[in-house]
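Visitor: Could you take me closely through one part of this model, the packing of a helix pair and the sheet beside it?

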Amino acid sequence: MKFSLAVYGAPHASQSAATALRFARALLAAGHELYRVFFYCDGVHNGSALSAPPQDEADIAEGWQALQRAHKLDLVVCIAAAQRRGVLNSSEANRLEKPAANLAEGFELAGLGQLADAAVNSDRLITFGQ
């Protein structure tokens, strides 16, 4: 079965991002396909390279990156939500005349059309968070 996930929660503000990550690992281990993970609203913080959780907490952003490297996943961060929250890639940082970029490796910025595409091309779209 082909799944896509929509993650609406920041990595350490709620359990939604951690639950989505565990779900993604479980469905891949069960042999399912993960078409896309779309990060929206505060979920865009999962794609920040600047998060630094304490040593006794899981690094959710690194967890997504490791899963992306292992399975060549499509990790998409909503560009409009990301700009509002200060998560930028280098081209957007330059375009908006900001001093730095902080989008983590393995994530890409794109519009809501990618979420619609995920819904159309997946058997199931599962959302995590509000």
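**The helix pair and its sheet**

Guide: Helix H1 (residues 16-29) and helix H2 (residues 60-71) pack at an angle of about 20°, with their axes 10 Å apart; helices here are DSSP runs of H or I with at least four residues, strands are runs of E with at least two, and both are numbered from the N terminus. Axes are lines fitted to C-alpha atoms, for helices over the stretch in contact, and angles run from 0 to 180 degrees between N-to-C directions. This is a predicted model, in which local features need pLDDT of at least 70 and side-chain atom pairs pLDDT 80 or more, while totals for chains, interfaces and linings use all residues. Residues are numbered from 1 along each chain as its sequence is written, and side-chain values use heavy atoms, with hydrogens and water left out.

H1 and H2 are therefore roughly parallel to each other (angles under 35 degrees count as such). On the H1 side, Ala 17, Ala 18, Ala 20, Leu 21, Ala 24, Arg 25 and Leu 28 meet Ile 60, Gly 63, Trp 64, Leu 67 and His 71 of H2, contact meaning heavy atoms within 4.5 Å.

Turning to the sheet, five strands form an open arrangement in the order E4-E3-E2-E1-E5, with parallel pairing; two strands pair if DSSP finds at least two bridges between them. Its edge strands, each pairing on one side only, are E4 (107-110) and E5 (124-128). Strand E3 (residues 75-78) is joined to E4 by four bridges, and Val 76 has Glu 108 in E4 as its bridge partner. H2 also packs on this sheet, touching E1 (2-7), E2 (33-39), E3 and E4, and its direction makes about 95° with that of E4.

Methods:
Angles under 35 degrees count as roughly parallel, over 145 as roughly antiparallel, 65 to 115 as roughly perpendicular and the rest as oblique.
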